[in-house]
Amino acid sequence: MAGRKRKPAALKRGKSETQEHLSKREDVEQSIRGNNDLVYEVDNLPRDAQSYYDVIVDAYKDINILSNLDIPLIKEMSFVCARLEEVESLINRDDILIPVYNKKTNEIEYYREHSAFSLQNKLFKQFTSLAGQLGMSPSSRAQIAELKMQREQKQQDPLTNAISGVDSDDDEE
């Protein structure tokens, strides 16, 4: 378990740590997370990268998980997505296999793969690494969706929350 990345306390359910510990850890995480005022203001990227940046930031806006410290990571993810799209369009535009001709006979000797494939593989590896850091895997999205639903439920009915808060305190005693 030494190599496993820690999940944010807000995404944990308290199976391996007590709720009290998770609550304290979430408070500490919030305090070191910093502000998020600049994360929504970035607009100096190339057009393609900017559109990816906006999509990423909008997807996380409701759960308030991003901070200004995440800007370089989100920018890099945006650039990678834009580059990946460019490379894929190059591959789709040209043939996947490029013929290599014999210089003397001018006949096709063999086929080689498009040179953009190696760049595509590098970009995709970078994409998967960044996506993991930003919580974009299916399981991470499911956890984030659960967190979003819980926050929305708390905001919908403060009276029910107050009552359930009293009931949950009574259950612990």
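This is a predicted model: local features need pLDDT of at least 70, side-chain atom pairs count only at pLDDT 80 or more; totals for chains, interfaces and linings use all residues.
Residue numbers start from 1 along each chain as its sequence is written. Local features need pLDDT of at least 70 and side-chain atom pairs count only at pLDDT 80 or more, while totals for chains, interfaces and linings use all residues; side-chain values use heavy atoms, with hydrogens and water left out.

The protein contains six helices and two strands, where helices (H or I, at least four residues) and strands (E, at least two) are DSSP runs numbered from the N terminus. Along the sequence their order is α-α-α-β-β-α-α-α. Of the 173 residues, 25% count as buried; buried means under 20% relative accessible area, exposed means over 50%, and partly exposed lies in between (1.4 Å probe, protein chains only). Among contacts, defined as heavy atoms within 4.5 Å, those with a separation of 6 or more are made to 54% by residues 24 or more positions apart. Accessible areas come from the Shrake-Rupley method with a 1.4 Å probe; for residues, only the protein chains shown count as cover.

Beyond its neighbours within four places in sequence, Met 77 touches Ile 56, Phe 127, Leu 130, Ala 131, Leu 134 and Met 136.

The strands come next. E1 and E2 run antiparallel and are joined by five bridges; two strands pair if DSSP finds at least two bridges between them. Ile 98 stands opposite Arg 112 in E2. Six residues lie between the strands of this hairpin, in which Asn 106 takes a positive phi near 60°.

A nonpolar surface patch of about 520 Å² is formed by Ile 96, Leu 97, Tyr 101, Ile 108 and Tyr 111. Strand E1 (97–101) and strand E2 (108–113) are the elements that give two or more residues to this patch. Patches are made of residues with over 30% relative accessible area and no salt bridge, with like charges joined within 9 Å and nonpolar side chains (Val, Leu, Ile, Met, Phe, Trp, Tyr) within 5 Å. Ile 108, in strand E2, counts as partly exposed because its relative accessibility is 40%.

The structure holds three salt bridges, each a side-chain nitrogen of Lys or Arg within 4 Å of a carboxyl oxygen of Asp or Glu. One joins Lys 24 and Glu 20 at 3.4 Å, N to O. Both residues lie in helix H1 (residues 19–33), four residues apart, about one turn of the helix, and both are exposed. Another links Arg 83 with Glu 76, with the closest N and O atoms 3.9 Å apart. Arg 83 is partly exposed at 36% relative accessibility, and Glu 76 is partly exposed at 28%. Arg 93 also pairs with Asp 94, where the closest N and O atoms are 3.1 Å apart. Arg 93 is exposed, with a relative accessible area of 60%, whereas Asp 94 is partly exposed, with 27%.
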